Amino acid sequence: MNDTLENTYVISDIHGCYFSLLDLIKKLPSDAKLIFVGDLCDRGLYSKEVIEYVKSNNHTCILGNHDFYMIEHLKECLNGAKVRWNIKEYMGGRETIANYKGDNLIIEEHISWLKTLPQYIQIEKYFITHAFCMPYYKRRDDKEKSHAMMVNRVSDEEEWLWDWEENWKDYDLLNIYGHENSDEIVKSENYLCIDTGCVYGNKLTALNLGNLKVTQVVLNKKDITI
């Protein structure tokens, strides 16, 4: 166990599931330090409440690809624009737009805050990102790779192997990330994916950095049912 990190928890993609988040928080120490891997918004019904919770409590958060879509498109979509984010149902932008409608002041506050989020943080040997970023570790500060650091997946090897750093499997780090949902956490030699698909009816996950133990709650149906 790493005693210096025993009260630090990394939380997986919330996607507007505010009540599930509150259920998870109740299971963690009241003074826990929380780190969110991004994708606070979209698909679930309460993106605004999730973002306000993370923002107002000064929790650390990584910028996810859905958070980026919200920055790019929320205001124009509220004015009637049609883009992939609100046209394609699987993107989840429609739920976010409905959640924010009429709250112009908080829209500005939340977008401004999202723009300040980093694409990674590193704590000792833990490289915490939104997507699978170990093959981009040496270029983690390269702005040209910012898109890749929001969307890359382990399963993208066929498509993106040409752009991956050759020896990434040898890096003495653990890349902790979300983005790529599955029923359970996925752990390999130097990466660990904690996105357990809460918004799809599965679980919301918190990973303790001191001992890598997992705390989970199942989806609270209030997050997806009007």
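Predicted model: local features only at pLDDT ≥ 70, side-chain atom pairs only at ≥ 80, totals over all residues.
Biologist: How many helices and strands does the protein have?

Modeller: Helices (H or I, at least four residues) and strands (E, at least two) are DSSP runs, numbered from the N terminus. Going by that, the secondary structure comes to eight helices and ten strands.

Biologist: Why can we call the protein as compact as a globular protein of that length?

Modeller: The globule rule is 2.2 Å times the number of residues to the power 0.38, and the radius of gyration is taken over C-alpha atoms. For 226 residues the rule gives 17 Å, and the protein is close to that, so it is as compact as a globular protein of that length, with a radius of gyration of 17 Å.

Biologist: And what box do the C-alpha atoms fill?

Modeller: The box is taken along the principal axes. Its sides are roughly 50 × 40 × 30 Å.

Biologist: What share of the residues is buried?

Modeller: Buried means under 20% relative accessible area, exposed means over 50%, and partly exposed is in between (1.4 Å probe, protein chains only). Out of the 226 residues, the buried share is 55%.

Biologist: Of the contacts between residues at least 6 apart in sequence, what share joins residues at least 24 apart?

Modeller: Contact means heavy atoms within 4.5 Å. Counting the pairs at least 6 apart in sequence, the share that joins residues at least 24 apart is 63%.

Biologist: Let's look at some helices. Which elements do the buried residues of α2 pack against?

Modeller: Helix α2 covers residues 47-56, and its buried residues are Ser47, Lys48, Val50, Ile51, Tyr53 and Val54. Just after α2, asparagine 58 takes a positive phi of about 55 degrees. As for the packing partners of α2's buried residues, they are α1 (18-26), β2 (33-36), β3 (60-61), α3 (65-78), α5 (93-100) and α6 (104-114).

Biologist: Why do the buried residues of α5 sit on the same side of the helix?

Modeller: The buried ones are Gly93, Thr96, Ile97, Asn99 and Tyr100. The arc is that of the directions from the helix axis to the C-beta atoms. These residues are on the same side of α5 because they cover an arc of only 160 degrees.

Biologist: Which residue with a positive phi follows α5?

Modeller: First, the neighbours: the buried residues of α5 pack against α2, α3, α4 (84-87) and α6. After α5 comes a residue with phi near 90 degrees, and that is glycine 102.

Biologist: Which exposed residues does α6 carry on the face turned away from its buried side?

Modeller: On the buried side are Ile106, Ile107, His110, Ile111, Trp113 and Leu114. They cover an arc of only 160 degrees around the axis, which puts them on the same side of α6. What covers them includes α2, β3, α3 and α5. The face turned away carries Asn104 and Leu105.

Biologist: Is histidine 15 buried or exposed?

Modeller: Histidine 15 lies in the loop between β1 (8-11) and α1. Its phi is near 50 degrees, a positive value in a residue other than glycine. With a relative accessibility of 4%, histidine 15 counts as buried.

Biologist: Which residues does phenylalanine 19 touch, leaving out those up to four places away in sequence?

Modeller: Phenylalanine 19 has its place in helix α1. It is partly exposed, with a relative accessible area of 23%. The residues it touches are Tyr46, Asn220, Lys222 and Asp223.

Biologist: How far is serine 30 from aspartate 42, going by C-alpha atoms?

Modeller: Serine 30 lies in the loop between α1 and β2, and at 82% relative accessibility it counts as exposed. Along the chain, the two residues are twelve apart. Their C-alpha atoms are separated by 27 Å.

Biologist: Last one: which residues is valine 218 in contact with, leaving aside neighbours within four places in sequence?

Modeller: Valine 218 lies in strand β10 (residues 214-218). At 58% relative accessibility, valine 218 counts as exposed. Its contacts are Ser20, Asn202 and Lys203.

Terms used:
Residues numbered from 1 in each chain as written. Heavy atoms only, no water.
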